[in-house]
2 protein chains.
Amino acid sequence: MDDMVSAILNGSRRAVARLLTWVSDEAPQATTILTQLYPHTGKAWVIGVTGAPGTGKSSLVNSLAKAYRAQGVLVGIIAVDPTSPFTGGAILGDRIRMRDLSGDSGVFIRSMATRGSLGGLARTTRDAIRVLDAAGFDIILVETVGAGQSEVDIVRTAHTTLVVEAPGLGDEVQAIKAGILEIADVLVVNKADRPGATKTVSALRMMLEIGHPSARTHMTQHHGQLLQTEYPANRIHDDAPIWIPPVIQTIATDGNGIDELVNAIQNHRDFIQAQGLDTLLERQRIEIELHERLREALIQRLLQTTPNDYFAQVIRQIQSRQLDPQSAVNAILTSHADLIS
Amino acid sequence: MDDMVSAILNGSRRAVARLLTWVSDEAPQATTILTQLYPHTGKAWVIGVTGAPGTGKSSLVNSLAKAYRAQGVLVGIIAVDPTSPFTGGAILGDRIRMRDLSGDSGVFIRSMATRGSLGGLARTTRDAIRVLDAAGFDIILVETVGAGQSEVDIVRTAHTTLVVEAPGLGDEVQAIKAGILEIADVLVVNKADRPGATKTVSALRMMLEIGHPSARTHMTQHHGQLLQTEYPANRIHDDAPIWIPPVIQTIATDGNGIDELVNAIQNHRDFIQAQGLDTLLERQRIEIELHERLREALIQRLLQTTPNDYFAQVIRQIQSRQLDPQSAVNAILTSHADLIS
């Protein structure tokens, strides 16, 4: 185990690959190693990339990785597919990337898919980020497929979130969905050589300024969950400047606009750090993570110590109106008498 | 308390109004009454109505209520606003309805908004439905504002779900969002006198048939959460017929298409019952509800028995890298030694 830890800290690709497999499988031996690695984390800058299918997220991540590599920066890529372990979307994405990035030991790519457990993917993605962080990767790109609630949860682990749009996909409306504009730190209009790109850009700018004022203060909406803390907006006091998400046009397939995007990400990072928001946002991320892990651990322990038959019986009793749901909950918690006392 | 129970069972509007306020405030005295009412529930048919703002959901709910009233059916309306207690959206909706429906003792209207607790709204909405059900309302219309994850959760408590679209809102794409098509039992194109209505209808039909095959088998995607049961699709065996969501055009403001919509809802209800799916779907709803209530009860008990200072300290230790998140969870659960044993 100690060998594994030092191998990771020395950036061994083999050790990283093996540990990521354990993390993704939620294998128990990963836990001890993650605990030992944890003090060595917190150095990487995590960039979340989300947006509807067809916007070219994978190509964009690919181009960004190349741009960072040109700066000599080590890049980790995690492609998250919450939809299904069977879609193969993430795997396809890897293959495309492999052509450009294979053979470069400064890049590490890993796909992650759900293995059934709800909420498990956000947890394993956080752990995977930590493995790459401890292994010395400076920039970690986390790409999600789709834009539902699970993607939003995953993206909340990032330091800078890119929301990717493309012209001709009914973008103006698409952006509204799932509060996706509200999580954007930088908006990217990819495939900017397509007709309608300028319209898409101005529609997004308009929404940022008028339709979605929330986009400008999105951090106010993030609450810590354990302490019920209301965190300040994306500024530390009332007179501090506000971060307004820039809209960047790119053509990821030929690298167009990628330098501007790298700059925009750096500007966001500088802003966060100059305003002293990094510590605050990290605390909030930790609070949310701890809350989620506790919730999950509690229900898992309950499920493990309760026979399936028992739940089936309770559900039958509720369905036949012999027992109401709240009394059922009370009975279950009482039968685990010292559950929390 | 017993007086309150019998008053509800006798359909007293005053008692219903009072109990709904307690439910909405999550007042402790509601619990005992809900337990006593529970055996008298399960008779109402619950219709969920969701869709983007601007599609005219409130007018549609209004017209549906009038149509059911013309049949002599008692109608309960719950307008759910998960976005904020301050938007006033639900209240405005009530005012418009009041003009048409006020003075009719066969209709009961109540707005529900979040009071802070995440996930609380799904729970209080379920309870509010039970109050109206026990009070003898035959049809309960549950209208949600917006179409995010919380709305989807709320809509999953319904027996028939209507997804409302309108022409000229970029509908084709809008429908994709948040898997909203996948939850539709009946699709409604409201404001059908607007230009583009026919296009919207055919786009939706195409999506149902080609783009979103999942819409046809959406019930497969609902899993029970406690027993990890995979429930069959919207058919009980492989040779049974499949429910294909019809697309109905309406102009809610002048009642156009409302009879067709009422028929479509009845067809869905008949289909569910004829196929024996009602028992199965109810079991699934109960399983999901019990899981959610258990999760919430466990974390609440933990939060209540743990001083805020303690969490603040743990979060500080995680942030300073003295402690990793998983070890923190283990420590917290161990300090509540007999938590679940």
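**Stop 1: across the chains**

Select helix α13 of chain A, residues 325–335, together with α11(B). The two helices pack at an angle of about 50°, and their axes lie 10 Å apart. Angles of 65 to 115 degrees would count as roughly perpendicular and those under 35 as roughly parallel; α13(A) is therefore oblique to α11(B). Keep in mind that this is a predicted model.

Turn the view to follow the crossing. α13(A) passes α11(B) in a right-handed sense.

Now show side chains. On the α13(A) side, pick Pro325(A), Gln326(A), Ala328(A), Val329(A), Ile332(A) and Leu333(A). Facing them in α11(B) are Glu289(B), Leu290(B), Arg293(B), Leu294(B), Ala297(B), Leu298(B) and Arg301(B). Colour the contact of α13(A) with α11(B) by class: 9 residues are nonpolar, 1 is polar and 3 are charged.

**Stop 2: Glu282(B)**

Stay on α11 of chain B and select Glu282(B), which sits in that helix. Which residues does Glu282(B) touch, leaving aside those up to four places away in sequence? They are Gln319(A) and Arg321(A).

Along the chain, Gly42(B) and Glu282(B) are 240 residues apart. Their C-alpha atoms are separated by 9.4 Å.

**Stop 3: the second largest pocket**

Select the chain B elements around the second largest pocket. At least two lining residues each come from β1 (45–51), α6 (120–134), α7 (149–155), α10 (258–274) and α11 (277–304). Which of the elements gives the most to the lining? α11(B) does, with 10 residues.

Colour this lining by class as well. The second largest pocket is lined by 13 nonpolar, 11 polar and 14 charged residues.

**Stop 4: within chain B**

Move to helix α1 of chain B, residues 2–9, and helix α3 of chain B, residues 29–37. They pack at about 50°, with 10 Å between their axes. That angle makes α1(B) oblique to α3(B). The crossing of α1(B) past α3(B) is right-handed.

Show the contact residues. α1(B) contributes Asp2(B), Met4(B), Val5(B), Ile8(B) and Leu9(B). α3(B) contributes Ile33(B), Gln36(B) and Leu37(B). By class, the contact of α1(B) with α3(B) has 6 nonpolar residues, 1 polar and 1 charged.

Key
Residues are numbered from 1 along each chain as its sequence is written. Chains are lettered from A and ligands numbered from 1 in the order in which they are written. This is a predicted model: local features need pLDDT of at least 70, side-chain atom pairs count only at pLDDT 80 or more; totals for chains, interfaces and linings use all residues. Side-chain values use heavy atoms; hydrogens and water are left out. Axes are lines fitted to C-alpha atoms, for helices over the stretch in contact, and angles run from 0 to 180 degrees between N-to-C directions. Helices (H or I, at least four residues) and strands (E, at least two) are DSSP runs, numbered from the N terminus. Angles under 35 degrees count as roughly parallel, over 145 as roughly antiparallel, 65 to 115 as roughly perpendicular and the rest as oblique. A crossing is left-handed if the near helix is turned anticlockwise from the far one by less than a right angle, and right-handed if clockwise. Contact means heavy atoms within 4.5 Å. Ala, Val, Leu, Ile, Met, Phe, Trp, Tyr, Cys and Pro count as nonpolar, Asp, Glu, Lys and Arg as charged, and the others, Gly among them, as polar.
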